[in-house]
Amino acid sequence: MIYPKIALAQSIIEILSAKGIVNIIISPGSRNAPLTIGFAQNPNFNCYSIADERCAAFFALGIAQQTKQPTAIVCTSGSALLNYYPALAEAFYSQIPLIVISADRPQSKIDIGDGQTIRQENVFANHSVFNANLTEEASEENDLKINLAIETAILKKGPVHINAPFEEPLYETTEELSVQPKITNPKPEAFPLIIENNEEVISVWNTAKRKLILVGVNEANTIDKEIIENLASDPSVVVLTETTSNLHHESFINSIDTLITPFDDFDFKKFNPEVLVTFGGMVVSKRIKGFLRKYKPKHHWHIDTLRAYDTFGALTKHFEMQPNDFFKDLLSKTSFVKSNYFNNVNTVYQTRLERRKDYLNKIKFSDFKVFEKVIKSLPKNSMLQISNSSAIRYAQLIDIDNSIEVFCNRGTSGIDGSTSTAIGAAVGSEKQTIFVTGDISFLYDSNALWNSYIPKNFKIILVNNGGGGIFRILPGHQERPVFNTYFETSHKLTAEHLAKMYGLNYFTAHDVPSLENGINSLYDSNEAPCILEIFTPTTENDLILKQYFKYLI
């Protein structure tokens, strides 16, 4: 086998191999040549070459999201490293393990005017779970830092940074290893299976007549069916699930904004829970956050092995355990209490759903109509990746088939790497992947298509409303030049030439008949990745959406 001659590079590569790290995303450069040579010629690794570091990091994020294993990203020195930051911040808040390995100049070359040098050490300190600043020579101390970085990425589910200084020559190789790096094997952390000091928790649960469970970003199949059925049968429990919760039952409320947007103060007070239980990641719905911040529950319990954000200013307990274990223990020791909480809320919700059906049948071609048609067309057992901003909010208003897993970068809610993440997820999963995005998000991350690994059955559904449509929905929108230029970012761009340049099949739609034809063409075409670009009326989408919430009353 061919190895880099630099011993430190050998140590990094051998430790990653021993730790079972498989996927390596490499961006071209010279200073990282020792790592590139070693990773690319080692059969233990799947290596991907992606030139744009921002895209590379989000691509890695998508792979890690699906494999549940750390993905490594490797770059040269200088500003290349800083382009990883948006994806690292997303990984930090979404609890996804990434391993950044940056090549650096030796310490003596920093801040003396040498080319392509910045202060790389600890550059991600605010949004990483460990930083390993290595010294130039291979050593046991360096080995321990590398081991600890990888172990921390796994244990704390987040990004780590390994900064490795290399001196020239960089491209020399050898057929023999000059190091035998130290490999550590820590015991995995065990989380409690039962609720500690549970008497108070059981007492509160058994007496509360209004219990609200709110589920944010969550992996599919993490909650037992028996637990789901128990919660669905309890008359004192209402379960609110977001699109990204991947948690389903016909009794759960999966369109939160459809339920609560028309509420007035009287309705909110009736809906106000005594006990709020939350688990999963970030919540999309601003309305539910606003409601719970104003009408605070007496008890807010959050279940997470790592973190507990006090999102509503009402947190009273943090249970550091798996949600499934929490409910398995709790529900085995509690009983149903007589209550009308679920029935009262569900009666309102079912009426809202009938009104939604009527409204969708009446409205003309628009973003809302497009999302209804697109989501209904999704293949069963597929994976849906959604961009941020308007796209995820519209998706929250439409029922999605229970067999479809849904993902969105909600850690930081940025639009910057949605396409790259979706492509990485498609590579990391065996499922058919459909990516639904808005035009600004798509254009912002257009370098994502500069990628040789896009699966042939990868589908992009691009809703082009000529600008940042979400700003028309937000309070304060006025049709003025400042708004159109600096907020909405009005444009007349399309994806046609990008599709041609990168070899993607391209279809368009501009009304309901052409949308239905476009959807059929999209799914019939499997010889290359595809884009279906749907053009919707810029100035009418927000009016149709706002009128929807009024129509629900």
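Okay, let's start with the cysteines: the sulfur of cysteine 47 sits 15 Å from the closest cysteine sulfur, which belongs to cysteine 75, and that is too far for a bond. Cysteine 75 has its own closest sulfur in cysteine 55, at 14 Å, again too far for a bond. So the disulfide count for the structure is 0, where a disulfide means a pair of cysteine sulfur atoms within 2.5 Å.

Before I go on, a word on what you're looking at. This is a predicted model, where local features need pLDDT of at least 70 and side-chain atom pairs count only at pLDDT 80 or more, while totals for chains, interfaces and linings use all residues. Residues are numbered from 1 along each chain as its sequence is written, and side-chain values use heavy atoms, with hydrogens and water left out.

Back to those cysteines: buried or exposed? Cysteine 75 is buried, at 0% relative accessibility, and cysteine 47 is partly exposed at 28%. (Buried is under 20% relative accessible area, exposed is over 50%, partly exposed is in between, with a 1.4 Å probe and protein chains only.)

Now the strands. Helices here are DSSP runs of H or I with at least four residues, strands are runs of E with at least two, and both are numbered from the N terminus. Strand 2 (23–26) pairs with strand 3 (46–49) in the parallel sense, over 4 bridges; to count as paired, two strands need at least two DSSP bridges. Asparagine 23 has asparagine 46 as its bridge partner.

Next, an open sheet of 6 strands, paired in parallel, in the order 15-14-16-17-19-18. Strand 15 (405–408) and strand 18 (505–509) are the edges, each pairing on one side only. In this sheet, strand 16 and strand 17 (459–464) share 5 bridges in the parallel sense, and phenylalanine 435 is partnered with isoleucine 460 in strand 17.

Last stop, helix 15, residues 418–428. How many of its 11 residues are buried? The number is 9, so mostly covered. Among them are Ser418, Ile423 and Ala426. What covers the buried residues includes helix 3 (53–67), strand 14 (383–386), strand 16 (433–438) and helix 16 (439–444).

Definitions and conventions: Contact = heavy atoms within 4.5 Å.
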